[in-house]
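Keep the structure open while reading.

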Amino acid sequence: MFDAVAANYDVTNDVLSLGQDRRWRKEVAKAVDARPAQKVLDLAAGTATSSQPFVRAGAYVVPCDFSLGMLRVGKKNHPWMPFTAGDGTKLPFRDDVFDAVTISFGLRNIQDTDQALRELYRVTKPGGRVVICEFSHPTWKPFRTVYEEYLMRALPPVARAVSSNPDAYVYLAESIQTWPDQPALAGLLRKAGWSKVAYRNLTGGIVALHRGFKA
């Protein structure tokens with residue numbers, strides 16, 4: 001499915017989020033706080049748009065994704081980067097490799113969330129950190145109602161106009177509605193072993209930024 005949307009993926013996301021995805025990625029970059037010579041895993045990196053702030057900070061960044069189509073587009077745009085094909089439930093890396101691991105808008109697409117969080121924990125160095133940026137649930141009920149109407153009614157026709165595979169964005173809307181809310185995802189992180197778990201809402205809870213540390 002993601003191979004089919006790779007060509008217009010970044011443009012489509014910008015349109016569907018009304019430009020908010022740029023702000024969200026800036027907040028992810030602040031939370032990851034990548035430093036020179038640190039190793040950062042960007043899981044579900046797609047075309048590696050999400051990886052660029054870490055590159056600019058001087059970190060060694062590994063963009064990893066399950067979709068070969070996404071990786072091909074990313075490699076064409078950023079040929080110097082070490083793009084890696086990998087399953088989020090069985091990462092192709094040794095234990096205790098990365099100073100920081102992050103995944104933006106991809107955890108929801110991995111079938112076994114618990115296993116993915118354990119794998120991220122496994123490949124993180126002791127003292128390292130995880131940052132997860134994912135669609136969530138608006139906390140103010142009137143806004144949540146409007147948002148859900150947008151997801152189910154407005155998003156599909158917009159996707160048909162700008163995406164190479166609009167059916168993928170129907171799945172997107174449905175998967176957001178069934179995704180765990182903010183406290184539930186925090187609980188899954190603790191269950192996987194992460195400590196000092198915290199989260200904050202962006203854009204009224206449309207997106208949530210979860211963080212944790214490996215003791």
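## Overall make-up

The chain has nine helices and seven strands. Helices (H or I, at least four residues) and strands (E, at least two) are DSSP runs, numbered from the N terminus. The model is predicted: local features need pLDDT of at least 70, side-chain atom pairs count only at pLDDT 80 or more, and totals for chains, interfaces and linings use all residues. Residues are numbered from 1 along each chain as its sequence is written, and side-chain values use heavy atoms, with hydrogens and water left out.

Of the 215 residues, 51% are buried. Buried means under 20% relative accessible area, exposed over 50%, and partly exposed in between (1.4 Å probe, protein chains only). Among contacts (heavy atoms within 4.5 Å) with a separation of 6 or more, 67% join residues 24 or more positions apart.

## Strand S7 and its partners

Strand S7 spans residues 207-213, and five of its seven residues are buried. Strands pair if DSSP finds at least two bridges between them. Strand S5 (residues 124-135) runs antiparallel to S7, joined by seven bridges. In this pairing, Cys133 stands opposite Leu209.

Strand S6 (residues 195-202) also pairs with S7, antiparallel, over six bridges. Leu202 stands opposite Val207 in S7. S6 and S7 form a hairpin with four residues between them. In that turn, Thr203 has a positive phi of about 50 degrees.

## Aromatic pairs

The structure holds five aromatic pairs. Rings of Phe, Tyr and Trp (its six-membered ring) pair if their centres lie within 6.5 Å; planes under 30 degrees apart count as stacked, over 60 as edge-to-face and the rest as tilted. Phe105 and Phe135 form a tilted pair, 4.8 Å centre to centre with 45 degrees between the planes. Phe105 lies in the loop between strand S4 (98-104) and helix H6 (113-122), and Phe135 in strand S5, so the pair ties together parts 30 residues apart in sequence. Both Phe105 and Phe135 are buried.

Tyr121 and Trp194 pair edge-to-face, at 5.1 Å centre to centre and 85 degrees between the planes. Tyr121 is partly exposed at 22% relative accessibility. Trp194 is buried at 3%.
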